[in-house]
Amino acid sequence: SLAKLLMNMGEADKAEKTLKTAAKAVPGNSDVMTNLGLIQLLNREFEAGWQNYNHRFGGLMIDYFTTRHPHMRNVSPDRFSKLWEGKSKCKKLLIWPDQGIGDEVMFATILQHFKPDFPVTVQLDNRLLDLFQSSLPNFDFKSSQASLDFADFSHHLPLGQLPSLLLNDLSKFH
């Protein structure tokens, strides 16, 4: 709370210091790590910022996913453990929306920098499907409400995590 107050007061450096102190005092706290990540991203510390931002699920990504995607079939802890980190061999990737439509637009624009050599299905809000399918035809876009079989994918990735794989330094931003 103190860090958020400091941010609102324009004291980003003090907020970052407060969050780093909190991270040492309460290791693994997802709120602390996520907020620290946001400040690091503002400070263009992309590698650490994305890594910390990716704590936003608080270790409960599967619970978050199944709540937001009730139409997805065959989701199991074993299959869900196949989170793609950008390096492992992938046969077919599911990228799923983990936030609201504004964040879907923002993060989906990063897909133009992603040139995989394997099939990728991207779930988005229905209102965005035609726009993205016409501008990025190499991806298979599906509604976030579509009934898909999770077992059809070798790996998955939250859409909000894509920048951590593709935009780790300022030179990668065009």
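This is a predicted model: local features need pLDDT of at least 70, side-chain atom pairs count only at pLDDT 80 or more; totals for chains, interfaces and linings use all residues.
I started with F65: buried or exposed? F65 has 0% relative accessibility, so I put it down as buried.

Next I looked at what the F65 ring pairs with. Its centre lies 5.2 Å from that of the F80 ring and the planes sit at 50°, so I log the pair as tilted. F65 belongs to helix α5 and F80 to helix α6 (residues 77–80), so this contact ties together parts 15 residues apart in sequence.

Then I ran the search over the whole structure, and it gave me 14 aromatic pairs. One of them is F57 with W96, tilted again, with 6.0 Å centre to centre and 45° between the planes. Which parts does this pair tie together? I find F57 in the loop between α4 (46–53) and α5 (61–68), while W96 is in strand β1 (residues 93–96), so the parts joined are 39 residues apart in sequence. Both F57 and W96 are buried.

I also wanted to know which residues cluster. F57, Y64, F65, F80, W96 and F150 make up one aromatic cluster, so both pairs I noted fall inside it.

Last stop, the surface. I found a nonpolar patch of about 310 Å², made by L2, L5 and M9. I traced M9 to the loop between α1 (2–8) and α2 (12–25). M9 has 54% relative accessibility, and over 50% is exposed, so I have M9 down as exposed.

Definitions and conventions:
Residues are numbered from 1 along each chain as its sequence is written. Side-chain values use heavy atoms; hydrogens and water are left out. Rings of Phe, Tyr and Trp (its six-membered ring) pair if their centres lie within 6.5 Å; planes under 30 degrees apart count as stacked, over 60 as edge-to-face and the rest as tilted. Helices (H or I, at least four residues) and strands (E, at least two) are DSSP runs, numbered from the N terminus. Buried means under 20% relative accessible area, exposed over 50%, partly exposed in between (1.4 Å probe, protein chains only). Patches are made of residues with over 30% relative accessible area and no salt bridge: like charges are joined within 9 Å, nonpolar side chains (Val, Leu, Ile, Met, Phe, Trp, Tyr) within 5 Å. Accessible areas come from the Shrake-Rupley method with a 1.4 Å probe; for residues, only the protein chains shown count as cover. A salt bridge is a side-chain nitrogen of Lys or Arg within 4 Å of a carboxyl oxygen of Asp or Glu.
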